[in-house]
Amino acid sequence: MNRTGKSVLLLGATSDIGRATALTYATAGWDVQLAGRHLESVQREADDIGTRSGANVSVHRLDILDSDRFSDFVMGLPVLPDTVVCVIGELGEQDRAEKELHHASLVMRTNFEGPALFLGLIADLFAARGHGTIVGVSSVAGDRGRASNYVYGAAKAGFTAFLSGLRNRLTKAGARVVTVKPGFVRTRMTAGMKLPGLLTAEPKEVAGAIFAAAEEKRSRDVIYVRSIWWPLMTVIRSIPEPLFKRLKL
Amino acid sequence: MILEGWGRYPRLVSEVFDCRTPADAAEAVARRHGVIARGNGRSYGDAALGDVATLICRGIGRMKRFDPETRLLTVEAGVMLSDILDAFIPRGYFPPVVPGTKFVTVGGMIASDVHGKNHHRDGGFGAHVASFKLILQDGEVLNCSRNENADLFFATIGGMGLTGVITEASFHMKPIETGWIHQETVVAEDLREALAALQAADESSYSVAWIDCLARGASLGRSLIFVGEHAKREQVVAHKAERETFPSPKKPRLSLPMDLPAWALNRTSVSAFNAAYFRAGVRKAGAPSLVHWNPYFFPLDGIHQWNRLYGRSGFLQHQCVVPDTNALPVLSEILERFAGSGKGSFLAVLKKLGPGTGLLSFPMPGYTLALDLPVTEDVFPLLEEIDKVIVDAGGRLYLAKDARQSRQTFEASYPQLAAFRDIRRATGGDARFASRLATRLGI
């Protein structure tokens, strides 16, 4: 197996998309750093990825809501990675988020505050070094707020805007930022939901799209995993608000 | 939820528990009596249908470690053989035994003690398993190997999931120089020649015969015998210098998007196919060729959902083994009955087997014949008669394929059944673990 000598840090490594993405990088010859809240679960994925690919895989404990520890975490990494991929996401429950402030806050902090603060820290280091790629997995739900999931959507919209600003700032410094909007994905997060086949990607497909956008097609800044989402979301974004507010989407 | 095996017969209702970790499985086991673990659902009949509840174990699918020195691979039981091939063929390692499809889990391969084209030489998958972890009826997890809990080890290999839930297993991979198979095709004009050719290939790594089970008279049992070895590097360079040493599998190109209507497969169409296939084989015989590992070992995996070939009512696969002694007259009689009924299919396989490993392992020294039959009313009495011939000859049927054999046939043909039942009773497995197969056969 040809090792590239490059390394990637995966945040949210125990999710289905995180797992598939880590394996894609490992198979391409990258060293992989996996971060997650439960070290035991992260270790299980690390063993799997290491055994399947023969890659070097290290595990690191990270709670995305515990920003006080971010600096120590980054200093504890074996090397500052070439690429950081954040696939952290918490769909939550919309009706609960409407009634329980605590739940709404958890969704907002997990999808926006934590990832943004962490990637902001990484951005400084990448800018100082003069290279590095940040991949943020955001969501089509952030393209326009809808009654069915606007708490999650708003957090993702914030994250999308943050990544956009980060890209604007880092381009001059030689670092890249890629925003990925997967659309529907068949994962544990969506298990039991009825998903339209044409719009629904497999985790492996998302991983392939992330790797291609971040490492191969270096001109891509913002991607939808399935291209059909682009015209679809363009239409949804362009519906006038007086009409949109009456729609059930 | 309605569950079915690969043969799509029978279809039965079972509760399902989705298990993502070994701990999930232990918890689910404790919740119900009458549970069975299910891997990828590729057993044909009712082996992976829980009597009350079925544990969906694909999520217990992480690889754990591989030691290149000893070539010992440890994986969770829900890991698919296809994933192992994808990960290890490019690194020059091959599983010790592979069945006719790669879409099976390691847990399923142990529970069915699957055999491959190398059984005559290397034994079944169980013969290569060093150890595994087993969840017992009370949720306790036991390590089982030839030295540790050996009685459970040999009961679980081929034990159809009835001793507990396998969550993890270790086995030795073997080194290969290339991902190609050096294949020779031998033509046998009748059954006697076919058995002789398989016997003659005893020293070869892999051998299997495709048999025309509709040919009659002087052509009864006419076959093409495919003999193979893992190709050496210089053989690949000499044959196909431009080829990759370890070719990757291609995605299935063909797919059956719907059930074929019942009339599509009939005596005329299948006979015509078989005759054409045999003639094509005769033309190609003699000259050795290099075959990609994927179509060599898993030809039917190339057609996605080929089980729809037999229509909505599903099909039965009848796989028997008959002992060496008298194999020729016994197999002749079986083939006569199939050919006479006109019910044979084009997917008939003849193969030499060696001894089995587990108490309920299917293989015994002898010859195995497998063929597919669409489910129709008149096929059941035909198979009942054929089973009598098999049992009288000292043979038996493969539980992983079975959906219909009688309890009498089963009890008369698995001599270590009593020992298996004793171990189930002693570990409390008899009260906890039950598939529809187990209930039907009184295992």
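Predicted model: local features only at pLDDT ≥ 70, side-chain atom pairs only at ≥ 80, totals over all residues.
Trainee: What makes the radius of gyration of chain B agree with that of a compact globule?

Mentor: For 443 residues, a compact globule would have a radius of gyration near 22 Å, and chain B has 21 Å; therefore the value agrees with the rule. The C-alpha atoms fill a box of roughly 60 × 50 × 45 Å along the principal axes. Chain B has 15 helices and 22 strands, and 57% of its 443 residues count as buried.

Trainee: Why is B:Asp212 called buried?

Mentor: The relative accessible area of B:Asp212 is 3%. The term buried requires a value under 20%, so B:Asp212 qualifies with its 3%. This residue is placed in the loop between strand 14 (206–211) and strand 15 (223–230) of chain B.

Trainee: What makes the pairing of the B:Asp212 and B:Arg222 side chains a polar contact?

Mentor: The distance is 2.9 Å, and the cut-off for a pair of N or O atoms is 3.5 Å; therefore the pair falls within the limit. Leaving aside neighbours within four places in sequence, B:Asp212 is also in contact with B:Gly221, B:Asn274 and B:Ala275.

Trainee: Why is B:Val186 called partly exposed?

Mentor: B:Val186 has a relative accessible area of 33%. B:Val186 belongs to strand 13 (residues 180–188) of chain B. Beyond four places in sequence, B:Val186 touches B:Ala197, B:Ser223, B:Leu224 and B:Ile225.

Trainee: How many residues form the largest nonpolar core, and which have the most contacts inside it?

Mentor: That core has 66 residues, and B:Phe132 and B:Ile443 have the most contacts inside it. Helix 2 (residues 81–88) of chain B gives the most to this core, with five residues. Another core, of 37 residues, lies apart from it and includes B:Cys213 and B:Leu350.

Trainee: Which residues does B:Ile443 touch, not counting those up to four places away in sequence?

Mentor: Among them are B:Leu162, B:Leu360, B:Leu399, B:Phe410 and B:Phe420. B:Arg421 and B:Arg424 are also touched by B:Ile443.

Trainee: What share of the contacts in chain B with a separation of 6 or more comes from residues 24 or more positions apart?

Mentor: Such residues account for 74% of those contacts.

Definitions and conventions: Residues numbered from 1 in each chain as written. Chains lettered and ligands numbered in written order. Heavy atoms only, no water. Helix = DSSP H or I, 4+ residues; strand = E, 2+ residues; numbered from the N terminus. Buried < 20%, exposed > 50% of the residue type's maximum accessible area, 1.4 Å probe, protein only. Contact = heavy atoms within 4.5 Å. Polar contact = N/O pair within 3.5 Å; in protein donor to acceptor, adjacent residues only side chain to side chain. Core = buried A, V, L, I, M, F, W, Y, C linked by side-chain atoms within 4.5 Å. Rg over C-alpha atoms; globule rule 2.2 N^0.38 Å.
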